[in-house]
Amino acid sequence: LAGAWPASSYHLVSRNCATFAEELCRALSVPEPFPVWVRGASDAARSPAVHGVADFGWEVFKWFCRRPGTETAGRAESEGLH
């Protein structure tokens with residue numbers, strides 16, 4: 001899964017730790033279904049209004065981390081968050 005999940009593909013709502021865990025369980029052929037309650041908050045945030053706000057906030061956060069002169073700018077680039 002490493003090739004399909006680079007750090008730069010992370011998204012607060014649509015591609016996060018819960019969606020990764022669900023895909024990992026699928027890849028490992030876990031016999032139990034992935035618990036729906038784990039995706040609860042992220043599924044709720046997929047409504048058009050909430051997703052738009054979350055998406056905008058995530059973009060602002062990434063921009064803030066990339067700003068020249070910030071301590072996190074170099075780290076964000078090295079982790080592929082640009």
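Biologist: Where is Thr-19 found?

Modeller: Thr-19 lies in helix 1, which covers residues 17-27. Helices (H or I, at least four residues) and strands (E, at least two) are DSSP runs, numbered from the N terminus. This is a predicted model, in which local features need pLDDT of at least 70, side-chain atom pairs count only at pLDDT 80 or more, and totals for chains, interfaces and linings use all residues. Residues are numbered from 1 along each chain as its sequence is written, and side-chain values use heavy atoms, with hydrogens and water left out.

Biologist: How many helices and strands does the protein have?

Modeller: There are four helices and zero strands, and the order from the N terminus is α-α-α-α.

Biologist: Is Thr-19 buried or exposed?

Modeller: Buried means under 20% relative accessible area, exposed over 50%, and partly exposed in between (1.4 Å probe, protein chains only). Thr-19 has a relative accessible area of 13%, so it is buried. Of the 82 residues in the protein, 23% are buried.

Biologist: Which residues is Thr-19 in contact with, leaving aside its neighbours within four places in sequence?

Modeller: Contact means heavy atoms within 4.5 Å. With those neighbours left aside, Thr-19 is in contact with Trp-5, Ser-14 and Arg-46. The Thr-19 side chain also reaches the backbone nitrogen of Asn-16, at 2.7 Å.

Biologist: How many disulfides does the structure hold?

Modeller: A disulfide is a covalent bond between the sulfur atoms of two cysteines. Here the term is applied to a pair of cysteine sulfur atoms within 2.5 Å. The structure holds zero. As for cysteines, Cys-17 is exposed at 60% relative accessibility, whereas Cys-65 is buried at 12%.

How values were computed: Polar contact = N/O pair within 3.5 Å; in protein donor to acceptor, adjacent residues only side chain to side chain.
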